[in-house]
Structures are given as C-alpha cells and as structure tokens.
Amino acid sequence: MKVAVGSKNPAKINAVKEAFKESAFEIVSIDAQSGVSDQPMSDEETIKGAVNRAIEAAEKVGAEIGIGLEGGVQQTPYGLMLCNWGALAVKGMDPIIAGGARIPLPDEVAQQLLAGSELGPVMDEYAKKQNVSKNEGAVGIFTNGQINRSEMFTHVMKLLAGQFEYRTKQNDKTV
Ligand SMILES: O=P(O)(O)OP(=O)(O)OP(=O)(O)OC[C@H]1O[C@@H](n2cnc3c(O)ncnc32)[C@H](O)[C@@H]1O
C-alpha cells in the first residue's frame with residue numbers, strides 16, 4: 001500500500017515513517033497545497049489545510065492513503081496556542097483527523113504572528129537558528145527540547161493510524 005505525505009518538511013516525513021515503521025507501506029513525499037493561508041490562525045483553518053494536503057497528496061501520486069500535517073495557531077483566553085493537526089485521507093471515507101499537543105506561545109512571538117508574520121521565520125529569529133520548523137520546531141524550543149516537532153507529529157500520526165485501523169476493523173465486521 002502506498003502512503004503519500006503532502007509535504008517535503010523532514011520533521012513531518014520522519015513522523016510518518018516512524019508511525020508506519022512496523023508496516024510494509026511504501027511512503028512517498030510530495031508537495032501539496034494546503035489551500036489555506038501560509039500561517040493558519042485557527043484550529044479550523046489548520047484542519048482544513050491538513051485535509052486539503054492529504055487529499056491532494058494521495059491524488060497526485062495515486063496513493064491509497066494521503067497524509068496532511070499542518071501547523072498553525074489558535075487564540076484562546078490563555079494566550080495564542082501553537083496548534084498542529086493531521087489528516088489521513090482514503091478514497092470513499094471521510095478524512096480522519098487528529099490534533100497535536102499544544103502550548104502557549106510567549107507574548108513576544110504571539111504579537112508578531114498577530115501582526116501578520118509567519119511562525120517559521122519568527123522562530124528562526126527568536127532562536128537565532130535556521131529552519132527551526134524543519135527541525136525541533138517551536139515546540140522543541142519552548143519545551144527545552146523535551147518534545148521536538150517530529151515527535152509531536154509522530155503522536156498525531158499514531159492517533160491517525162489508530163483511528164484508521166479501528167474504522168477498518170469496524171467496516172470489516174459490517175460486511
Ligand atoms: O513544508 P511545509 O509542509 O509547508 O511545512 P511548514 O512547516 O513550512 O508549514 P506548516 O503549514 O506546517 O506551518 C505553517 C507556518 O508555521 C510555521 N510553523 C508551524 N509550526 C512550527 C513550529 O513548531 N516551529 C516553527 N515554525 C512552525 C511554518 O514554518 C510555517 O511558516
């Protein structure tokens with residue numbers, strides 16, 4: 001079975017590989033449009049981006065399974081939260097979605113996002129590093145390396161794969 005990941009970001013691709021490491025799935029990565037803004041500003045927008053990427057990735061390479069992983073932020077009474085969502089798309093089935101762990105962003109970072117900047121470049125400047133989004137991610141920086149972006153997405157992937165397995169089993173029972 002072929003799995004298409006709608007991104008070239010190594011933090012995302014590694015998470016998919018890790019989650020499916022016990023399977024015989026062939027994993028391919030391909031750029032896919034999120035169809036939402038470069039910096040999604042809500043859970044809803046971030047989910048939409050993940051779903052769009054999953055569907056487009058599967059269609060582009062003719063894969064049975066498409067995976068979309070998308071990062072965004074969501075405003076809450078407790079601050080601007082980092083949010084990450086994943087989607088798993090299979091033809092003929094509603095997309096499966098799952099959310100990642102969330103932490104509030106420091107005011108200094110949140111203010112820049114609310115003023116229209118993208119988290120990727122803001123994090124590089126803040127951490128004085130390059131390509132934070134492709135490596136430890138904001139979650140890695142703000143948790144002192146306890147959880148990096150790939151680990152966070154691996155958790156999302158397990159939530160997706162597990163729901164997919166559960167649904168497949170339920171369908172098998174009804175046919
Ligand atoms: O190559 P793609 O798959 O587009 O990966 P991306 O990291 O650039 O894009 P996302 O759509 O996942 O994230 C939207 C924006 O937020 C940034 N971003 C999201 N999560 C981040 C994190 O944990 N650390 C740093 N930047 C992050 C990211 O770099 C983008 O600028």
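These legends walk through a few views of one predicted chain.

The model is predicted, so local features need pLDDT of at least 70 and side-chain atom pairs count only at pLDDT 80 or more, while totals for chains, interfaces and linings use all residues. Residues are numbered from 1 along each chain as its sequence is written.

**View 1. The chain and its elements.** Here we have six helices and five strands (DSSP runs, H or I of at least four residues for helices and E of at least two for strands, numbered from the N terminus). Starting at the N terminus, the order reads β-α-β-α-β-β-β-α-α-α-α. The C-alpha trace spans about 55 × 30 × 30 Å along its principal axes.

**View 2. Helix 1 against helix 6.** Helix 1 (residues 10–19) packs on helix 6 (residues 149–174) at about 45°, the axes being 8 Å apart (axes are lines fitted to C-alpha atoms over the stretch in contact, and angles run from 0 to 180 degrees between N-to-C directions). That makes helix 1 oblique to helix 6 (under 35 degrees is roughly parallel, over 145 roughly antiparallel, 65 to 115 roughly perpendicular, and the rest oblique).

**View 3. Who meets whom.** On the helix 1 side, the residues include Ala-11, Asn-14, Ala-15 and Glu-18, and on the helix 6 side they include Phe-153, Met-157 and Ala-161 (contact means C-beta atoms, placed from the backbone, within 7 Å). The residues of this contact split into seven nonpolar, three polar and four charged (Ala, Val, Leu, Ile, Met, Phe, Trp, Tyr, Cys and Pro are nonpolar, Asp, Glu, Lys and Arg charged, and the others, Gly among them, polar).

**View 4. Contacts along the sequence.** Take the chain's contacts between residues at least 6 apart in sequence: 56% of them join residues at least 24 apart.

Terms used: Contact = placed C-beta atoms within 7 Å.
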